[in-house]
Amino acid sequence: MTKIGLEIHSQLTELQSKLFCSCKANYREFQPNENICPICMGLPGSLPQLNQKAVEKATMIAMALNCSTPEKITFFRKNYFYPDLPKNFQITQLNIYGETSVGGPGILMVGDKKIRITRIQLEEDPGRIIYEGSSEKNQITLVDYNRAGTPLVEIVTEPDFENPKEVREFLNILSDLLANLGVSDPSLEGAMRADANVSIEDGNKVEIKNIGSFHDLEKAVHFEITRQQSLHARNIPIIQETRHWDDKRKITVSSRSKEEDLDYRYFLESDIPWVRIGNQIKDKLKSEMPETISSKKERYVSKYNIPAQVADVLSSDKFYSDLFEKSHTTENAKEVANIITTDLMGLVDTREKRESSKLTALHLKEIADSIQSGKITRNSAKNVLYEILKTGKAVSTVISDLDLDNVFSESELLKIIESVISEETQAVEQAKTNPQTINYLVGKVMQKTKGKADPTYTLDLLKKKIN
Amino acid sequence: MNLKISALQFTREVKTGNISVEDFIGKTMEHIEKVDGNLHAFLSLNDNAVNQARDIDKKIKSGDKIGQCFGMPISIKDNICIKDTKTTCASKMLENYIAPYDATVITKLKQQDAIFVGKVNLDEFAMGLSTEFSAYGPSKNPWNTDYVPGGSSGGSAVSVSAFECVASLGSDTGGSVRNPASFCSTVGYKPTYGLISRYGLISYANSIEQIGPLTRTVEDAAFMLNLIAGLDSNDNTTINNNNADYLKDIDSGIEGKKIGIIKEMIGEGINPTVLSATKNAISKLEELGAICEEVSLDMVKYSVAAYYAITTTEAGSNLARYDNLRYGYDFSVEGYAFNAYIEKARKKLGPEVTRRMILGGFVPSSGYAGKYFLKALKVKSKLTRQIDEAFKKFDLLISPTVPILPFKIGEKINDPASLFLIDINTVTANLTGKPAISIPYAISNGLPIGIQLIANSMNDKLLLQAARALEKTVKLPEVPI
Ligand SMILES: [Zn+2]
């Protein structure tokens, strides 16, 4: 049997500052080594100042993953030398002397499958190392400390996954959950990283490190299972080791450095006193926690009669569900959900497009209302959206600019249909036996109405006329 | 110009216009020029001190608001950061390191118009108790320059004792303020852990160390504490002291107070002269109305061992950052693999630091942590329980600060284990977080002896009152410089 366990590192990207200083948690906008201070550079004499918000957000994650949350938490030093680590130790959490990290054992359901969470810990991210140079000989190592000290949550699971598909499903649910909590934006580059451990047939466990994205994680796990299976088939023993994911060649490679042998000399970080997280704080956090994805979905279905599949897509994406919450009314909810899932998601499918979009909740509400009042057709909505995303103009302006608001009355539409029927006699004949042809006729009507006719309605009328 | 006045006297003299700050600072700098070639208290001097003094005189003359220090000359141990000033920790590793920010204590003293005359010597990274482990050479005891001044804040004690400043800030990890204070006959005070911000103090063993003042009088120590104590958002371990005034009621006396004489600190290994001075101090306290009684803290036996297990562990981690990558000395990385580079770069650390770093790699390592580090933590918590128990019965505890007299320079440097045992009376206050003070008490054959008082956590005020009472009974000869 295949067993896979994960260690997921998620940056708390939605925080303002780093874990122990007031430098920006969002280091991505800076030139190298400009988002630093004596504390995150570990300069002599500096001390960590714990960001209480980070503790709260991490506790929130623990609660959302149904983890136990201890009364008091503390931090430990993990001692090792690496150029990206300004103090040559990392401030992290540990549970070997009792449960003192932000989260203890918990559970996340993936469909019907229970995935056990081992623990959740809050720690600081190291800096970034960039290797330059054409070959190993003239390689230059550059270090950028802008990221050093960024708040990071490590989520460790039990080896409960049996195949890469379960891993992928878990990661999708987890990243939606973290985004929905408002703690992390998983679409940011480097915001989510993971290590995995894989074993087959109760054999030795192999750690895979250095996996930079969830997409690669699935691939790495898949590669590692195949590698182990092929060794197993040939009776070659699988050794317990750490392997690195080679991003370029898309394979796992045995790491020469004996990382498993490192002695981290963990001990208490006494510069940060124990932090009490009493019931009062926990209650407060619970009350601040946003509605869960599943509860949102249920509400969309039961309250607005939105189809389950649409509600599922809408609720699991924070960006779109936020937009939905801000733009819908009881009357137009179904229409807004429709516009988002059928049109908007296709038009705004990348992070960049989300950021450059000029669409507001008000726009969306007005588009839905315009459809419902019959001012524009369902079909025109996409054109309106496309224009607003680019320009941010008011809905009414766009409708009149594009001349979309003179929807044809039934009698006007019938006249046009009749003229099409008389012009396209051959097609009309074919349509009687071949249903495909009727779409051609709908298209002709749309052409004549400049897309302002409702296609479903046009189809109905055409069918009636022809038969 | 009398440079021998206390800090409080200085502020009074300036306030009343009897002396000008420029005069006093000018004379102080001249005096340093004259005596420090021999004493070697200072590692660097403030070239701008006289100009700063002139500015303060101007402020006074024009009636501007003036800080409580009135331009008082203070020396700062060279492991405390002053912005744009070299902060070397008496190490070659940080030979050219210029601190880019002020320690919290420095910020506070600047706001009170203190003048920092210079940075003073210490054992490298504060590891030692004789100042002989300074990479820039030892400081000398002003009472007899053949002798060590104690350490690690040796430069602080020498500068105060030899009138090169009126007060100094040192740091105390296992006695590093009290030990040199005792050896040089100054007051040396380690407050309750958390009372003074450590932000900007370069860490050696961060879980137990504190910045502390070295002064001529107990009142001066209380005055300094008033200026630098209290909550600091830059140091999460600081305690709110509600802006306590430690000078107020300092002359309350100690009548009716119960004082425990720590049995384990006056027994085996104590110098007879030190013992008789201690007994003398106890009888003086009794004359003042205190009730003195022996008390046993048997965990003290293990305190030095525990102290070294904890401090080397923390030092191994705290000093790991000195890899010479981000700051340090001139040494090209080109062609080195990372580990080889660090190994080479760290060769700049001196022998005592290297010794403790090696221990720091071993003591908490897997397989040995249980035997050494975790056991040391157990001693620490048991000792704390014992001393807390003692404070249910006693208001204060008493012992000699150091069980021996100052020793000669070079006498013990090749026998580190014998040096370690000298810490026996001072480490308890660090391991338990309690406030402790050393008061100059006697001079024997021209060498000083100090008495230590320890109080319960946050009883710093009571401690200073008792120290003041004892100090008033003492009349000592002047330092022969
Ligand atoms: Zn910073």
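Is B:Thr131 buried or exposed, going by its C-beta neighbours inside 10 Å? B:Thr131 counts as buried, because it has 35 of those neighbours; the cut-offs are 20 or more other C-beta atoms within 10 Å of a residue's own for buried, 12 or fewer for exposed and anything in between for partly exposed, with C-beta atoms placed from the backbone. This is a predicted model, where local features need pLDDT of at least 70, side-chain atom pairs count only at pLDDT 80 or more, and totals for chains, interfaces and linings use all residues. Residues are numbered from 1 along each chain as its sequence is written, while chains are lettered from A and ligands numbered from 1 in the order in which they are written.

**Confidence and domains in chain A**
- Chain A has a mean pLDDT of 90, with 98% of its residues at 70 or more; pLDDT is the predictor's confidence in each residue, from 0 to 100.
- Chain A is split into domain 1 (2–282), domain 2 (291–401) and domain 3 (410–466), with bounds from an automatic or database domain assignment.
- Taken over C-alpha atoms, the centres of domain 1 and domain 3 of chain A are 60 Å apart.

**Where the chains meet**
- Chain A puts 24 residues into the contact and chain B 33, contact being C-beta atoms, placed from the backbone, within 7 Å.

- B:Thr131 sits in the loop between β3 and α5 of chain B, and has a positive phi, near 65 degrees, despite not being glycine.
- That loop between β3 (115–120) and α5 (154–161) of chain B also holds B:Ser152, and the peptide bond from B:Gly151 to B:Ser152 is cis, with omega near 10 degrees.
- B:Asn445, in the loop between β10 (436–444) and β11 (447–455) of chain B, is another non-glycine with positive phi, near 50 degrees.
- B:Asn445 counts as exposed because it has 8 C-beta neighbours inside 10 Å.

**A covered strand in chain B**
- In strand β4 (residues 167–172) of chain B, six of six residues are buried.
- β4(B) pairs with strand β2 (residues 73–77) of chain B in the parallel sense over three bridges; strands pair if DSSP finds at least two bridges between them.
- B:Leu169 in β4(B) stands opposite B:Ile76.
- Strand β6 (residues 210–215) of chain B runs antiparallel to β4(B), joined by six bridges, and B:Gln210 in β6(B) is the bridge partner of B:Asp172.

Definitions and conventions:
Helices (H or I, at least four residues) and strands (E, at least two) are DSSP runs, numbered from the N terminus. Two residues are in contact if their C-beta atoms, placed from the backbone, lie within 7 Å.
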